[in-house]
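User: Hi! I have a structure open and I'd like to talk through it with you. Could you help me read it?

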Amino acid sequence: MKIYTLFLFLLVTTFLQAQDPNHFVIGEKQFSNTDIYTLLYDDGTDILYAGTSEGLYVYKQNIFVKLKGPENQIGNSIFQLNQDNHGNIYCCNLNGQIFKVMNNDFELFYEVSSELMTNDFSYFIDAQNNLVIGCKSVIKIHTASKKETYIYNSLKDSASKNIDVVGGFSQLFDKSICFEVYIKSDKSQHYVYKKGKLIKSETLGSNRCFFSLNSTVFTVSGRGETIGSRINFQTKVKFNEALFYINNNRILGLDKQKGARIIKLKGDTFVEEQHFFDKEFLSTAFINKNGTFFLGTFGRGVMIIPNLKVQSHYNSDELLLGIDVSLSNELFLSTRSGKVFLSSLENQIDKVNISVDQVFHIPKIKGFNNQVVFSGVNGLGNLKDVCVLDENSFLLSSPYGIYIYSLKEPKYFNKLKYNFFGEHLYGLLNGTARSNSVAWSFKDSVVYYSNNLGVYLKEWNSLEEEAVLYKGKAFLSNDLKYDNNQLVCATKENGILFFRDKENVEQLSEKNGLKSNAVKKIKISNNLLYALTEKGIQVYNLLTKQFLGIGVIEGVVNNTVNNFAVSNDKLWLLEKHKYYAIDIATILKKDLIANLYIDSITVNGRVVSDNKNKEFDYSQNAFNFYFDYRDVETKHETEISYTLEGFYEDWKTVLSSENKIEFQYLPVGEYTFKIKGVYRNQSTKIFKYEFEIFPPFWKRWWFYIGLFIFTVLLVSLIARIRLQRVSKKNKEILEKEILSKELAESKLKALRSQMNPHFIFNSLNSIQNLVLQKDTNKSYDYLVLFAELVRSALDYSEQEFIAIEKELEFLNVYLELEKLRFGNDFEFKIEYKGSLDVKVPSLVVQPFIENALLHGLLHKKGKKKLTIVFAVDKELTCVIIDNGVGRKKAKEIKDRQNISYESFSTGAIKKRMEILSQQFNMDATFFYEDLLEKGNVSGTKVSIVLPFKSF
């Protein structure tokens with residue numbers, strides 16, 4: 001087999017062609033149609049301010065929020081954000097209005113008079129914390145009293161000095177202020193206002209821009225010349241270049257057409273140190289105390305560079321796959337198209353016909369040149385891993401097995417013969433399993449390798465292989481390393497496993513800080529373990545057993561890293577189309593966590609004070625806690641932990657971008673809300689908010705006690721009053737009941753006593769008729785029946801209820817007596833349906849029978865029939881049917897006979913029915929019905945409803 005090796009004779013430096021720094025953008029959509037004129041990052045509150053063509057904005061809770069301006073603000077545009085020594089924020093417009101930011105709005109602080117306004121209007125904050133305004137004059141405004149003091153009064157001096165223009169206002173690094181007075185005689189005078197004194201400077205011609213580095217003041221002329229004494233200008237600051245101080249010897253220059261550059265005064269030479277974003281239109285900049293760059297744009301939001309040293313090298317045409325580096329930062333790259341590059345994407349050193357997934361750098365090996373890069377081995381497929389054995393040989397892992405490459409037969413071959421594949425190439429292990437990684441133990445000459453079946457070990461002089469097991473089972477590994485007498489495995493689903501003497505001694509997983517249990521690649525260097533997981537790159541200190549930070553503040557602005565390499569001092573990261581390096585020293589440096597801010601607390605949608613409102617009604621149970629972790633350098637890695645003691649005890653975690661913790665329906669109880677930010681094993685100060693939700697007043701202990709006492713007193717009072725009332729009422733009721741009963745009984749007795757004479761009168765009339773007819777036998781029989789009937793009537797009239805049998809017997813005697821009067825033409829029938837164990841009201845039915853006889857049958861010619869039917873169910877009913885002349889004919893006879901009174905028994909029975917209804921709380925009633933036959937009246941039917949009693 002032929003090996004493609006590259007013997008490198010070139011001396012390669014570590015300098016890489018400068019490209020754009022790693023960065024991210026905020027507000028891109030929000031400011032897509034907005035121009036940003038000025039930026040300020042308040043390091044005290046971690047708030048970013050942006051003055052734009054649409055007004056003043058602050059970046060809070062992951063969005064830009066527009067602040068409300070005063071009503072007398074002229075226009076929307078905001079310029080020149082400045083901060084004084086007390087943290088107060090100021091800004092201005094181009095109409096001479098200076099504003100002061102106040103919480104969620106800003107107000108007019110000072111306005112330049114129209115006679116002093118100029119197109120060159122500017123303002124600054126000096127070292128004494130005063131505002132210095134540059135217009136047609138230079139005016140100092142005391143921020144506390146707003147008192148005006150003229151530093152330079154052009155209106156006063158214009159008559160004598162013939163002054164035309166005051167301008168060129170600039171503030172130097174030491175906060176001194178420079179300006180130029182231009183005189184009509186083509187002369188100009190420079191002034192410096194420093195520490196409360198105005199100092200006249202030498203005249204250098206017509207120069208309108210000033211800046212300082214290393215205490216040296218420079219001016220930029222209108223012709224674009226940078227002027228300064230004893231300075232070698234390799235590069236010059238342009239007249240229209242916006243300058244922003246980085247430190248005492250560096251400034252940032254923004255050119256509208258050529259992006260940004262870092263200008264440095266190095267000794268006595270003015271040099272351009274770095275150039276970037278040459279295709280971007282950058283309008284303004286701000287550099288905070290941590291060195292993070294904030295760059296304003298027109299229509300593209302704010303670009304943020306957390307680490308200017310991290311420069312991305314980009315090539316959109318090549319899909320980058322493999323990366324390796326020498327200890328001295330000689331970089332090797334491979335691509336999907338089969339290209340291999342050295343140190344930059346412009347320096348191609350090889351091209352093969354297959355995709356090069358991995359590229360490997362082999363350190364100095366005896367008999368080789370200074371370094372060797374493997375991009376693939378003919379016949380072995382794409383290499384997966386390389387492991388150095390000694391100064392003469394190394395191991396190769398390919399999809400087809402494990403192989404040895406050696407300049408001469410290794411000393412380990414003395415006990416075992418190996419297949420010879422070609423010059424210097426030997427097969428150590430062949431098989432169907434696809435090998436993907438290999439490691440070597442120098443201590444005991446053991447080869448470790450992984451494939452698609454698991455992880456195995458094989459002693460050098462043995463044909464037997466042995467599986468490495470985790471919890472008694474085989475596992476899959478993407479990468480293996482042997483370090484410090486232990487095997488380290490980057491597994492596909494179990495995190496990182498450490499084995500010593502075939503026993504698992506440690507595990508890094510999601511439970512103890514690993515971002516993902518799926519680990520793609522690992523490297524170990526200087527007691528640092530570098531791991532690439534599915535969720536990004538991580539660094540673990542093997543000595544302290546802690547994960548080190550690597551994120552935005554180091555220059556890694558996203559989690560799209562797909563490969564990496566490690567040198568002595570740099571970590572090289574590879575993405576699809578770019579690569580960049582991070583200084584390992586920055587990873588080792590501990591970066592402090594910022595502050596967590598509680599913006600507001602709302603209850604049922606209303607904002608409450610976090611130090612006053614601690615007690616709430618039971619209906620006030622919807623709580624929202626709005627927080628803001630604003631620090632842009634650490635925000636991407638910071639998590640927010642919170643708990644609500646009294647509701648649950650464990651800590652929950654959300655992303656710092658969430659900005660709100662919500663509890664919709666809290667039950668009654670006492671609670672303590674706690675929240676903190678967590679960043680790289682550091683925590684912010686815990687914010688605590690203790691509050692209580694009270695139950696309804698009717699569920700509180702004092703209410704129960706009060707209610708009990710009140711109830712006892714009220715019950716006692718009511719009981720006393722009620723006893724008195726009840727006693728009085730019972731007495732009255734008893735008296736009324738006695739009177740009512742006596743009255744009812746007296747009425748019934750009176751009715752019965754009235755009815756008995758009436759009946760007797762009718763009976764005597766019948767006897768008289770028989771005597772007059774000289775019917776002695778019938779008279780005698782009638783007298784016997786009459787005597788029995790009178791005896792029963794007198795007896796029953798004293799009883800309210802009588803047995804149904806007696807009632808039926810009484811009516812039968814009465815009708816037998818009436819039959820003697822009517823003769824054989826009269827027939828009657830009495831029926832009863834029901835139990836005999838009932839009692840019925842006495843002498844109620846007899847009057848209805850008497851009416852039927854007297855008014856219905858008496859005037860009837862021919863057969864006279866009378867039927868009486870009793871029935872007992874829920875009530876007592878009695879139906880009386882006669883075939884008499886009917887009620888209408890009876891009334892005509894009554895009228896013809898001039899009878900003007902109602903029969904006495906009918907009126908009496910109506911009154912008795914009313915009394916029975918009241919006494920027994922039921923409807924005792926009766927009603928008549930005419931019987932018809934072929935349209936003619938054939939009789940009368942009366943239905944009676946009465947109460948009854950059971951024995």
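User: Which residue forms a salt bridge with E506?

Analyst: E506 pairs with K545, and their closest N and O atoms are 3.2 Å apart. A salt bridge here is a side-chain nitrogen of Lys or Arg within 4 Å of a carboxyl oxygen of Asp or Glu. Keep in mind that this is a predicted model, in which local features need pLDDT of at least 70 and side-chain atom pairs count only at pLDDT 80 or more, while totals for chains, interfaces and linings use all residues. Residues are numbered from 1 along each chain as its sequence is written, and side-chain values use heavy atoms, with hydrogens and water left out.

User: Why does the E506 and K545 pair tie together parts that are 39 residues apart in sequence?

Analyst: Because E506 sits in strand β49 (residues 503-508), whereas K545 is in the loop between β52 (536-541) and β53 (546-548). Helices (H or I, at least four residues) and strands (E, at least two) are DSSP runs, numbered from the N terminus.

User: Is E506 buried or exposed? And what about K545, buried or partly exposed?

Analyst: E506 is buried, at 18% relative accessible area, and K545 is partly exposed, at 44%. Buried means under 20% relative accessible area, exposed means over 50%, and partly exposed is in between (1.4 Å probe, protein chains only).

User: How many salt bridges does the structure hold?

Analyst: There are 24 salt bridges. Another one of them joins R680 to E637, with the closest N and O atoms 2.6 Å apart. This pair also links distant parts of the chain: R680 is in the loop between β64 (669-679) and β65 (682-683), and E637 is in the loop between β60 (623-628) and β61 (639-645), 43 residues apart.

User: How accessible is R680? And E637?

Analyst: R680 counts as buried at 19% relative accessibility, while E637 is partly exposed at 26%.

User: Which residues are linked with R680 in a network of salt bridges?

Analyst: The network brings together E554, D591, E637 and R680.

User: Got it. What does R887 form a salt bridge with?

Analyst: Its partner is D930, and the closest N and O atoms are 3.1 Å apart. R887 belongs to helix α7 (residues 887-896) and D930 to strand β72 (residues 925-933), so to speak two distant parts of the chain, 43 residues apart. R887 is partly exposed, with a relative accessible area of 40%, and D930 is partly exposed too, at 34%.

User: Let's switch to sheets. In what order do the three strands of the open sheet come?

Analyst: The order is β67-β69-β74, with antiparallel pairing. Two strands pair if DSSP finds at least two bridges between them. β67 (801-803) and β74 (949-950) stand at the edges with a single partner strand each, so one side of each has no neighbour in the sheet.

User: How many bridges join β69 to β74?

Analyst: Two bridges join them, and β69 covers residues 838-841. K839 has K949 in β74 as its bridge partner.

User: Which helix lies across β67 and β69?

Analyst: That is helix α5 (residues 804-822), which runs at about 85° to β67. Contact means heavy atoms within 4.5 Å, and axes are lines fitted to C-alpha atoms, for helices over the stretch in contact, with angles from 0 to 180 degrees between N-to-C directions.

User: New topic: how many disulfides are there?

Analyst: Zero; a disulfide would be a pair of cysteine sulfur atoms within 2.5 Å. As for cysteines, C178 is buried at 2% relative accessible area, and C878 is buried at 1%.

User: And how many aromatic pairs?

Analyst: The structure holds 42. Rings of Phe, Tyr and Trp (its six-membered ring) pair if their centres lie within 6.5 Å; planes under 30 degrees apart count as stacked, over 60 as edge-to-face and the rest as tilted. Y41 and F294 are a stacked pair, 4.9 Å centre to centre with 20° between the planes. Y41 lies in strand β3 (residues 36-42) and F294 in strand β28 (residues 293-297), 253 residues apart.

User: Are Y41 and F294 buried or exposed?

Analyst: Y41 is buried at 1%, and F294 is buried at 0%.

User: Why does the F623 and F691 pair count as stacked?

Analyst: Because their ring planes are at 25°, with the centres 4.4 Å apart. Both rings belong to a cluster linked by ring pairs, whose members include Y642, F647 and Y689.
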